Amino acid sequence: MICEFKEHRASRASLFDGFDGLEEGGLRVSSSHSHGTNDHDNENAVDSLQDRVIFLKKLTGDIHEEVESHNRLLDRMGNDMDSSRGIMSGTMDRFKMVFEKKSNRRTCTLVACFVVSFLVIFYLMRVLRYFMLG
């Protein structure tokens, strides 16, 4: 709670930087300034506050657009993940069907042996080429 209050004060202070005369109710009135000077200071303060409000409004609009675009991106990503989950479950079902039959299991083992032997031969050729040229 205290931390939130300090953050609120810090953000409020940054919003009103350069306005040492601002208080909760308005501007401090100094007896050394004339009435015309106070009106001019008030107008300058109001103009500056208006500029800051416009800036904050644009900033919140930009933040809103960014959040909306991120939400759309997350929705698309969720849909893509759902579709890939469906594809993966179909692939797993096919693998289960293949491994349920012994003849298919032997065929898959044979194919796996060929792939592994190809990779070993490929790797050995690259190593030999590296040592011969290197």
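## Buried or exposed?

Of the 134 residues in this protein, 3% count as buried. Keep in mind that you are looking at a predicted model. The protein exposes about 12300 Å² of surface, and carbon and sulfur atoms supply 63% of that area.

## The overall fold

What pattern does the protein follow when you read along the sequence? The pattern is α-α-α. In total there are three helices and zero strands. Two of these helices come up again below: helix α2, which covers residues 35-100, and helix α3, which covers residues 102-133.

Let's start with the surface. F55, L56, L59, I63 and V67 together make a nonpolar patch of about 440 Å². One of these residues, I63, lies in helix α2.

Side chains of opposite charge can pair when their charged atoms come close. How many salt bridges does a search of the whole structure find? The search finds one. In this salt bridge the side chains of R85 and D82 meet, with 3.1 Å from N to O.

Where do the two partners sit? Both R85 and D82 lie in helix α2, three residues apart, which is about one turn of the helix. R85 is exposed, at 53% relative accessible area, whereas D82 is partly exposed, at 44%.

Now for the rings. Searching the whole structure turns up two aromatic pairs. F118 and F122 form a stacked pair, with 6.4 Å from centre to centre and 20 degrees between the planes. This pair counts as stacked because planes under 30 degrees apart are given that name. F118 and F122 both lie in helix α3, four residues apart, or about one turn of the helix. F118 is exposed, with a relative accessible area of 56%, and F122 is partly exposed, with 44%.

Y130 and F131 make an edge-to-face pair: the ring centres are 5.6 Å apart and the planes stand at 65 degrees. Why is this pair called edge-to-face? The planes stand at 65 degrees, and the name edge-to-face is used because the angle is over 60. Y130 is exposed, with a relative accessible area of 59%. F131 is exposed as well, with 63%.

## A region listed in UniProt

Which residues does UniProt list as a "transmembrane region"? An unreviewed UniProt entry gives residues 107-125 for this feature. In the model, the chain over residues 107-125 is 100% helix and 0% strand.

## Cysteines and disulfides

A disulfide is a covalent bond between the sulfur atoms of two cysteines. How many disulfides does the count give here? The count comes to zero. For a pair to be counted, the two sulfur atoms would have to lie within 2.5 Å.

C108 is partly exposed, with a relative accessible area of 29%. C113 is also partly exposed, with 46%.

Technical notes. Residues are numbered from 1 along each chain as its sequence is written. This is a predicted model: local features need pLDDT of at least 70, side-chain atom pairs count only at pLDDT 80 or more; totals for chains, interfaces and linings use all residues. Side-chain values use heavy atoms; hydrogens and water are left out. Buried means under 20% relative accessible area, exposed over 50%, partly exposed in between (1.4 Å probe, protein chains only). UniProt positions are given in the numbering used here, feature names are shortened, and annotations may be inferred rather than shown by experiment. Helices (H or I, at least four residues) and strands (E, at least two) are DSSP runs, numbered from the N terminus. Patches are made of residues with over 30% relative accessible area and no salt bridge: like charges are joined within 9 Å, nonpolar side chains (Val, Leu, Ile, Met, Phe, Trp, Tyr) within 5 Å. Accessible areas come from the Shrake-Rupley method with a 1.4 Å probe; for residues, only the protein chains shown count as cover. A salt bridge is a side-chain nitrogen of Lys or Arg within 4 Å of a carboxyl oxygen of Asp or Glu. Rings of Phe, Tyr and Trp (its six-membered ring) pair if their centres lie within 6.5 Å; planes under 30 degrees apart count as stacked, over 60 as edge-to-face and the rest as tilted.
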